[in-house]
Amino acid sequence: MKYSSNQLQNSIPFSLYCTDKKLYDKSTSGGAFIAIALNFIKNGGYVCGVISDNEVKHTVTNNVDEVLKMQGSKYVQSDMSGIYKTISKLIDNGQKVLFTGMGCQAAALNSYFKTNKNKENLFIIDLICGGVPSRLLSQIFLQNERQYTKIEGFRNKNQYVLSCYDTNGKLIYLKGQRVLPLYGFYSGLTMRYSCGDCRFCGIERMSDLTIGDYWGDNNGLHKSVAVAHTEKGIKILKCLNDVEINYIDWSFIKCNPRFVVGKSYNNHKIQRLLLPWLFHNLSYKSLCGFYGCNLQNPLWLLLHIYNHSMVKIQELYIKHQTKSILNSITKNNSQPYL
Ligand SMILES: Cc1cc2nc3c(=O)[nH]c(=O)nc-3n(C[C@H](O)[C@H](O)[C@H](O)COP(=O)(O)OP(=O)(O)OC[C@H]3O[C@@H](n4cnc5c(N)ncnc54)[C@H](O)[C@@H]3O)c2cc1C
């Protein structure tokens, strides 16, 4: 069943990056989020996004320091407890709130506030997504790696790096296949089961704006893509400071097919199918091998080859799907550049 009737006929794609170097460097792609969020706060609004404190959770604030903590992708399903209530109170009091989150979270929010008379005060941004891992990974990692107390981040601008605080409060950076929270995400083998059946990460977006990575002509910069779906989305982008923003054509989708086909295709893989059982019954060391595909073990090697072949077949399928979606968007999209 389709989520909405949006076929992107009224949507407009842009590429952008934040010209404030400090903000840009801390962002995952071009800093679209932080440029938008800081501008929103400057105009008296509140921002709702994800921070990684003792747990990865959504929070609502109009404090700049708190918003800076929202920068960076956290590869864990965030906890949204209490968020609807907080947003509800704010928008009923006439405050403007900018929500940012995954497509599924934006969909849930949309559904909750569908009939709210103050919905005009709510602005929704969803992220391009290829699936979100279960929280189990970070939990098991911290339970077994006792020298670390807290996960601070999951990547820097160019690569996946897990940054964790050790027991002395020092920030340590970890890379490589044996780092479970990283490789579990990167391999796609630990995505939530529902990500394999997701209706909220295709073209039928109901947010005001969708943001993600822009892999087009970027002159050595890491830019963001921002697709405005509504007047509110355009409004958010029009009044930004400290950004270089350009209209782009829909061909960007060829380099980032997840904007239209974000669903995870990993549910049939052995590691994913057996995940609940394995997490209960295998040792931490074996889990790192099983999900990190440590090539020293012949079993892991066989699985690795199988998974790799499946990925190649999926890529062909996604390429085909993307091509036909791109054709239909360019045929139906009559939106003139502003
Ligand atoms: C799990 C995950 C998977 C992603 N997969 C892709 C992908 O396949 N292709 C692609 O183009 N882009 C993907 N993105 C988005 C991408 O990583 C950047 O967030 C995006 O390009 C915007 O970058 P930025 O520089 O503006 O902001 P950043 O500073 O990186 O963005 C921070 C924003 O991300 C939100 N956020 C961080 N972690 C989470 C979380 N766990 N749940 C909900 N919201 C979160 C924050 O609230 C904030 O709004 C993914 C993001 C996440 C969290």
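Leaving aside its neighbours within four places in sequence, which residues is Asp-79 in contact with? In this predicted model, the list runs to Glu-55, Val-56, Lys-57, His-58 and Arg-135. Asp-79 itself sits in the loop that runs between helix H3 (64-68) and helix H4 (83-92).

As for its pairing, E3 runs antiparallel to E2, and 6 bridges hold the two together. One of the residues in contact with Asp-79 is Lys-57, and in E3 this Lys-57 is the bridge partner of Ile-51. The link between the two strands is a hairpin, which gets from E2 to E3 through 3 residues.

E2 turns up again in the second largest pocket. About 580 Å³ of space lies in this pocket. It is lined by 27 residues, and those closest to its centre are Lys-26, Gln-71, Glu-152, Gly-153 and Ser-163. Two or more lining residues come from each of helix H1 (21-26), strand E2 (46-52), H3, strand E6 (148-155), strand E7 (160-166) and strand E8 (171-174). Which element gives the largest share of the lining? That is E6, with 5 residues. By residue type, the lining splits into 11 charged, 9 polar and 7 nonpolar. Both domain 1 (12-130 + 200-262) and domain 2 (136-191 + 265-328) have a hand in this pocket, each giving at least three residues to the lining.

Another aspartate, Asp-242, deserves a word for its backbone. Asp-242 is not a glycine, yet its phi is positive, at about 55°. Where does Asp-242 lie? The residue belongs to the loop between helix H8 (231-238) and strand E11 (243-247).

Key
Residues numbered from 1 in each chain as written. Predicted model: local features only at pLDDT ≥ 70, side-chain atom pairs only at ≥ 80, totals over all residues. Heavy atoms only, no water. Helix = DSSP H or I, 4+ residues; strand = E, 2+ residues; numbered from the N terminus. Contact = heavy atoms within 4.5 Å. 1 Å grid on protein atoms, 1.4 Å probe; cavity = no way out; pocket = protein on both sides within 12 Å on 5 of 7 lines; lining within 4 Å. Points joined across faces, edges and corners; volume = space filled by probe spheres on them. Nonpolar A, V, L, I, M, F, W, Y, C, P; charged D, E, K, R; others polar. Domains from an automatic or database assignment. Pairing = 2+ DSSP bridges.
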